[in-house]
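I opened my notebook for this one. The plan was to look things up one by one and write down what I found.

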Amino acid sequence: MEPLMAVVIGILYATAIYMMLRRSIVKLVIGLMLLSNAANLLIFTSAGMTRGAPPLIPEGASEPLRQVADPLPQALVLTAIVIAFGVLSFAVVLIRRAYEIVKADDLDKMKDTDT
Amino acid sequence: MTLAWIPLLTLLGVLIPVPMERFGRRLCTLATATPVVIALILVLSQLPMLLSGGLPHFSLTWIPSLGLDLAFRLDGLSLLFAVLILGIGLLIILYASYYLSAEEASGRFYAYLMLFMTSMIGIVMADNLILLWIFWELTSLSSFLLIGFWSHWTDARKGARMAMTVTGAGGLALLAGLLLLGDMAGSFDMGTVLASGEAIVADDRYPIMLVLVLLGAFTKSAQFPFHFWLPHAMAAPTPVSAYLHSATMVKAGIFLMARLHPAIGDSLLWSWLVTLTGMATFLYGAWFALVKTDLKAILAFSTVSHLGLITALLGIGSPMAIVAALFHILNHAAFKGAMFMNAGIIDHETGTRELDQLGALRHAMPMTALVTMIAAAAMAGVPFLNGFLSKEMFFAETLYTPLLGGLGWLLPMLATLGGILSVAYSLRLVHAVFFKPARRQPPKTPHEPPRLMRAPAMLLVMICIAVGLFPALLATGILELASTAVLESVPELHLAIWHGVNLPLLMSLIAIIAGVATYGLHIHLKRFVRQFAPIDARLVFEGAIQTIASIAHTLTRRLDNGSLQRYMSWLLGGALLLATLGLVQLPRLDGGQATHPVDGILLLGAALMIFGAIGTVVSHRHRLISLLMLSVVGLVVSLTFARFSAPDLALTQLSVEVVTMILLMLALFFLPQKTPRESSAKRNIRDLTLAGSLGMVIASLNYAVLTRDIDSISNFFVENSVPGGGGHNVVNVILVDFRGFDTLGEITVLALAGLAIYKLLNRLRLFMPHSDGEGRVWSPDRYPMILTSVSQTLLPLALLVSAFIFLRGHNQPGGGFIAGLITAVALILIYMARGVEWTQSHLDFPYQPVAIGGVAVATLTGLGSFVFGYPFLTSAFGHFHLPWLGDFELATAMLFDLGVYLAVVGATLMILANLGKVTTPHRPRKDDSRAGTQQPQPSSKEPR
């Protein structure tokens, strides 16, 4: 399972980076999406993959009865997911404004601040 | 404490002049001089303690981990320099009040001058190597301000920059040297360093340290080959030249050499380096002083020459040489200060400093002429003046030093040669300015300056005469006191004008006679000099600076060509390199922990994700398909979260995936439809290689992590979730309690993103094209009936679900984030089913206040804990009973989570609703001439 996960994450990263290196703005946005998925998975799996043991403490107990999944990366990833959405939408709108000025879907042409 | 007051007083003096300026020049001068006088009295008040063998000392711990203490000492050497700095400083303050014209900002000038004085005092009194260096740098800074005081004048700016660059670079070298020195001595405390001379000289790193420290000292004291900044610093107002460039700052390097002499001076390397540099500077400066035609340039080179003389004495290093060096420091400050002040007077009264235009001034300004002549005679080393005494001591030391062995005659010969040149240029200066008829008229008709402007120079010249006549009475005491700080045993001093006929006297005699003869042959000398093209140090320096700048520019252009992709590839390449280096160092990739077996579902999920990711790339020319592929990835990611025990994540990812897809669909509409021409094959291969290798490296990294044991800090969170946070869902407790501050930051960012988007899209209106990017005509059914009815029915249900998820969030999967996203999705569905106009008319409330209110609720919850005396965001919880619903555990964290909920709803809707309403409701027919084009057109109706 672990090698499979590693391969999946590797492929996600590779595709994301390839897309982000294209000149098209739209592809940059898509690459950004892929990248945030890839990064979330990477962080999530870094604490190990546990099945069937969510970090919940049963009612009446003050500590889990058995080993549970690591809650910390989960909390990190949860905020990362939401932030990624915010960043993505901001990037989209910002790019749109830049496009209005440059008039081309070409990042290579967005070189100056005062085009 | 008295000691600390000395630099403090001058520091306070920095603040006085500017506010005092409005009360007139006289009062401003007086106010500025007051702290200096008090400081001078304080310095002298330490004299009894010093004489009785004590060492006034003050120390305050500053940054002990760096070995930096705010420590001052006042030994004989410090005292000598402090008196020099404060005394001449006083005279300069008086002189400057006449020198600066009425409209010049004297307040600013005095403030800079006091800042400089403070830093000089700091250098000479510092009892800690690092502290000394800090003040050292401060002198560079304040002298930059002073040299560039006439900042409208390009020479001043360039001169200031050059001085700053050279002395600043030397300062860096000095820092390195002092750090090494402190390391070798085991402490940065001056006393410890000075006491561990033997250990330091024996250390392996001694030569490096010595060179670095000397670099600092030589640049500061304008020693050859770093002397070139000093003549250009003459662009400064003359009081500055008189103060910084003759009496004090350039002596800082010499002070440093004298100060550290006990610690680092006892080696052959020191003697060679310092003596030869000093001799070279002595001769070089004297020669150029003879050929320059600008009055201040002559004085500048003469200063360079005298600094060389002192340096050479320090290099020779015998007890008598040290005493002679200290003596000459005093003497030089006196006669050169007077010379500079008079040069300033001449410049001031005639409007020029060129020797060509000056002449026969003895008629117009007899007093100035007399004072200058005496000072020049002291500079030349004429008997009965102070310069003669120390110069003769110098001659004697060059005779007796064993330094050059068999070539020992070389040093006295060179010294005599330098003496000859000194006599010649002093004579030339006096003769050309006061006796020879002027070849051209000076710009102004000269006359004597105000008496008080002459007074400082006269006072200095009187000192020259007094010391020259009664050296034993006036100088012996202070010299003995000062040399105790440098020498273990002070030699018996016999300062006298007449020592009988001996070699040094003969050398002095030769110097004077040959000097006069040299000046007689001056015409031939001039002709000889004319054969050489003059080298302007400033041009060379500026050229070097410009070359460096252009290299930097080329390099920057190469790296930073403005292309985002270029930056990314550099960044990624760097990451790749670092990660590869890390991976290579691993003994093996597999960490040895047992892996879990693969099952069918997992395999399917992995296959789907890979398919989605690669599909996204392959179909990138069909953006809609590409997006669909992308959503496959997102959905499988959320399933992965669900499978590996992260229900909260799965829920969040699922709802975010929905809003993201809606966002991208909307974005596709208004992002450019046409892609630019394809990248070249070469670039494709480069990108593929980069992306592929990074993918592989990250996969390996991930695998390496997955197969190793990890030590997580999360046990703390799991154990304290119920007792400390009152919640059973550890993830939610982390979000709203343990790491609540992070969450607060995050929702703030989200709300800000929403607001920014709202502002960015505020006036953007797009025409709806007749079809999508790939030529498909829009569906004629704008708002499908089924969707409309379903969405409306779903809304209350969805709101109920989100309330439920919100309430249980602290104990079960759920919470503010997820509930907020569900609410947002439900509302967005209404937008999609009914259109922006309908929704806005029915759901008439703005989202900005909701988002901001959410952040405010969360912040206030956090602040609330202050009321109860707890730190920010401390949570409290308790059990409550609600009728029908049962027992509830309510925590202030819930209130915080409510803030999160509101912020998420507000921000998400702000983003999507604003993106959704950028189109005009008008929909052109297919044959519309504007079809397919996008023209932003401001709407007549102001959007909310």
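My entries follow, grouped by topic.

**Model.** I am working from a predicted model.

**Salt bridges.** I began with the total. Over all chains, the structure holds 14 salt bridges.

I looked up a pair next. The side chains of A:R22 and B:D687 form a salt bridge, at 2.1 Å from N to O. This pair crosses between chains. A:R22 sits in the loop between helix 1 (2-20) and helix 2 (25-46) of chain A, and B:D687 sits in helix 32 (residues 681-706) of chain B. Are these residues buried or exposed? A:R22 has 4% relative accessibility, so I put it down as buried. B:D687 has a relative accessible area of 0%, so B:D687 is buried too.

I then turned to B:E542 and B:R161. Their side chains meet in a salt bridge of 3.2 Å, N to O. The pair links distant parts of the chain, 381 residues apart. B:E542 belongs to helix 27 (residues 537-559) of chain B, and B:R161 to helix 8 (residues 154-185) of chain B. B:E542 is buried, because its relative accessible area is 12% and the cut-off for buried is under 20%. B:R161 has a relative accessible area of 42% and is partly exposed.

Helix 8 of chain B came up again with B:D183. B:D183 forms a salt bridge with B:R205, and their closest N and O atoms are 2.9 Å apart. B:R205 lies in the loop between helix 10 (197-202) and helix 11 (206-220) of chain B, so the bridge ties together parts that are 22 residues apart in sequence. B:D183 is partly exposed at 48% relative accessibility. B:R205 is partly exposed as well, with a relative accessible area of 30%.

I also noted a network of salt bridges. It links B:R73, B:D75, B:D127 and B:R259.

**Surface charge.** Which residues gather in a patch of positive charge on the surface? I found B:K436, B:R439, B:R527 and B:R530. I checked B:R527, which is in helix 26 (residues 522-530) of chain B. B:R527 has 49% relative accessibility, so I list it as partly exposed.

**Hairpin.** Strand 1 (residues 57-63) and strand 2 (residues 68-73) of chain B pair in the antiparallel sense, over 6 bridges. B:I63 has B:L68 in strand 2 as its bridge partner. The two strands form a hairpin with 4 residues between them. In the turn, B:G67 has a positive phi of about 75 degrees.

**A covered helix.** How many residues of helix 34 of chain B are buried? I noted 8 of its 9 residues (730-738), so the helix is mostly covered. Among the buried ones are B:V730, B:N732, B:L735 and B:D737.

Most residues other than glycine have a negative phi, and most peptide bonds are trans. I looked for exceptions.

A cis peptide bond joins B:F224 and B:P225, with omega about 5 degrees. B:P225 is in the loop between helix 11 and helix 12 (229-232) of chain B.

B:F384 has a positive phi, near 70 degrees. B:F384 is in the loop between helix 19 (366-380) and helix 20 (386-400) of chain B. B:F384 is exposed, at a relative accessible area of 51%.

B:S645 has a positive phi near 60 degrees. I placed B:S645 in the loop between helix 30 (623-643) and helix 31 (647-670) of chain B. B:S645 has 3% relative accessibility, so it counts as buried.

Key
Residues are numbered from 1 along each chain as its sequence is written. Chains are lettered from A and ligands numbered from 1 in the order in which they are written. This is a predicted model: local features need pLDDT of at least 70, side-chain atom pairs count only at pLDDT 80 or more; totals for chains, interfaces and linings use all residues. Side-chain values use heavy atoms; hydrogens and water are left out. Patches are made of residues with over 30% relative accessible area and no salt bridge: like charges are joined within 9 Å, nonpolar side chains (Val, Leu, Ile, Met, Phe, Trp, Tyr) within 5 Å. Accessible areas come from the Shrake-Rupley method with a 1.4 Å probe; for residues, only the protein chains shown count as cover. A salt bridge is a side-chain nitrogen of Lys or Arg within 4 Å of a carboxyl oxygen of Asp or Glu. Lys and Arg count as positive and Asp and Glu as negative; His and the chain ends are not counted. The place of a charge is taken as NZ of Lys, CZ of Arg, CG of Asp or CD of Glu. Buried means under 20% relative accessible area, exposed over 50%, partly exposed in between (1.4 Å probe, protein chains only). Two strands pair if DSSP finds at least two bridges between them.
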